[in-house]
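Dear colleague,

I am passing a structure on to you, and below it I have written out what was found in it. Please read the notes with the structure open beside them.

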Amino acid sequence: MPLQLYNTRTRTVEAFAPLREGEVRIYVCGLTPSAQAHLGHARSFLFFDVLRRYLAHRGYRVTYVQNVTDIDDRSIKAGIETGQDYHAIVEHFYAEFKESMRKLGILEYDFEPYATKYIGEIQQMIRELVDGGHAYVTRDGVYYRVSTFQNYGRLANRNVADLESGARIEVDENKEDPLDFALWKFAKPREPSWPFEPYGEGRPGWHIECSAMARALLDPPGVGFDIHGGGADLIFPHHENEIAQSEPLMAQPPMANFWVHGGLLLFDNRKMAKSLGNFEPLSDMLLRHDPQAIRWLFLQTGYRKVMNFTEDSIAAAALGLSKIKTAYRLALARRDADPPPQRSEFDEQMEAALDDDVNTAAALAVLYEFAATAPVERLRYWLTILGIEPNDSWVAEPVVELTAQFVGRLQAALDGEGAAGEIENLQPHEAIERVIAMRAEARRQKDWAGSDRLRDALQRSGIDLHDTKEGTTWTVVG
RNA sequence: GGCGACGUAGCCAAGUGGUAAGGCAGGGCUCUGCAAAAGCCCCAUUCGGCAGUUCGAAUCUGCCCGUCGCCUCCA
C-alpha cells in the first residue's frame, strides 16, 4: 500500500506517487522573520519534518526547500522606526528561529532560499507575466490581473464573484480589480529597493517569491513538483496567488501535484496574536519545556486538525514521553536478547499508521504497544522517523543539574548517619553511588532501618532510587 | 455575508458505514524487606442535540446548538 495523503487541491485523500521515479520534491512556505516565531510555526514545520522523514523511510530521495521571506512591510517599517537596517532585524529573528528548529530536532533544509537572493528570478517571472497579459503596471507597482486566470479561487474553493462582493477587500483605484495583487511594489523614500527596468525601482510583493524560487529550485521546465506545503492559513490568498502566478507560465500545470496544509494551533482557543495577549515566543517556550515533549504533543493530534494548546496538555505529553524513555532504557538493558534484525509486526503497524495520511497519533499508540517488547534498534529507528531521537539524556542520569552544593546538601541530610565524611570531596554522582553502596551493604545485613535512612537522605536531597534486578538506579526529582 | 473545520470518558485524542485505538489522571494486582520504578488488568452499552437513510451510523443526509478559522499580514 502506498502512502495515502490528503491533497487540498482535490479535497481528497489520494495515493501518493512521485512525479519522478524515486524522488520527491517539496516546497514549504517558511517564515517571515520580521518578528519572533511562536509555537504555531513550530507545529507546522514539525509536521513537514515528519513527512519528510517518512518519505525518506519509504525510500524516496527527498529534496526539501523552505524559503525565508527576508523582505516585507513589517521589517521595513520596523527598520525605519528604529533606525536599523531592515535586514539586520530579519537576520536576528531568523537566527533565533533556526536555533529553535535545531532544538526541536528539525532536519536541515536542502535549500533555504532568501527572497532577496532571487530578485533576478522574480523579475524574470514578472516580465513573463506582463508579456503574457497576466500583469499590468500602475502608479505604485506591477499587479497581477486575476481576471486572466480561469482557475482563480479553485484551491481555496472560492469563486471570484463572492470574493469581489466581499466587503473586506480594500479599494484601490490604481488596480483594475480589487482582487488583483502586487507582484512588484515601487520604492517609497528610505525603503530598500532593486532596479527593475523598464518598470521601476522597487521590491517584490509577497507571493511572487515563492513562485519564482520554487520554479528555480524544483521545477525549471515548468511541469510541476510533488508537494507544496504550509499552514492552513496560507491557502488563501497566498497559495491561490502562487498558483495564479505560476501556472500560466508552465508547460504543464499543476504547479504542485499535492498541496498539503497543516492545521492551525490555538492558545486559549484563540489564534496566537500579540493583539490578543496570548503571544509567547517559541524561544521562550523552549526554555520552559522539553522540545521532545513539544514534538510528542503535536504527534498526538492529527496534523490537519485545529489544535488548542494548554499547559496541561504539554505536561501530560511530557509524562507520556517519559514512559517511552523508560521503555527505551529498559530495551537497551535487554538488547543482548534482541532477535536478529528482520521485519516485524511492529514495523508493519508503524507503516500502516503512517501510510494513513501520516496518522502520527495512531503511530504513537503502536509505539506504546510495542515499547516494552521491541528490539531497541527498532525502537530507536521509529522514534527517529518521528523526529524523537533518543539522546544521552534518555540513558544517562542528569548529573548536570547537580552542583557542588548538592554534595553539601547530601552531607547535611546524612548528618547522624556517620556517613557525611564518606562523601567528602566527591563529585555529586560519585557521592550518590557511594551512598547507594552503603545502603546496599545495610540491606545485605538486613539493617532495614539504616537502609531506609540512607534512602530518605537521598530523597531529601532530590534523588529517587529504583531497585531493579540489575541493581539500584537513581533519578533526579524536583 | 461567503467559504471551511471541529464538538468522542475527568483531560488530550484516534477512528468517518460493521458494532468505541492510545496517552494523562484514577482504581486493582504482581514484583519488592518496605517504598519507588516496572509489568499486567480495570476504567465510554456510547460518540453536542433532534429527526431521517440503512440489516447496521460516532461515521451518510437534514435541521438545531456550541466553538474556532479563512475571506486583511499570517505556519
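This is a predicted model: local features need pLDDT of at least 70, side-chain atom pairs count only at pLDDT 80 or more; totals for chains, interfaces and linings use all residues.

Val 50, Arg 53, Tyr 54 and His 57 of α1 make the contact with Tyr 381, Trp 382, Thr 384 and Ile 385 of α13, contact meaning heavy atoms within 4.5 Å.

Turning to the whole chain, chain A has 17 helices and 15 strands, which are DSSP runs (H or I, at least four residues, for helices; E, at least two, for strands) numbered from the N terminus. Buried residues make up 51% of its 478 residues, buried being under 20% relative accessible area with a 1.4 Å probe, protein chains only.

One residue to look up is His 134, in the loop between α4 (119-131) and β5 (135-137). His 134 counts as buried because its relative accessibility is 14%, and, neighbours within four places in sequence aside, its contacts include Tyr 143, Arg 145 and Pro 248.

Residues are numbered from 1 along each chain as its sequence is written, and chains are lettered from A in the order in which they are written. Local features need pLDDT of at least 70 and side-chain atom pairs 80 or more, while totals for chains, interfaces and linings use all residues, and side-chain values use heavy atoms, without hydrogens and water.

Technical notes. Buried means under 20% relative accessible area, exposed over 50%, partly exposed in between (1.4 Å probe, protein chains only).
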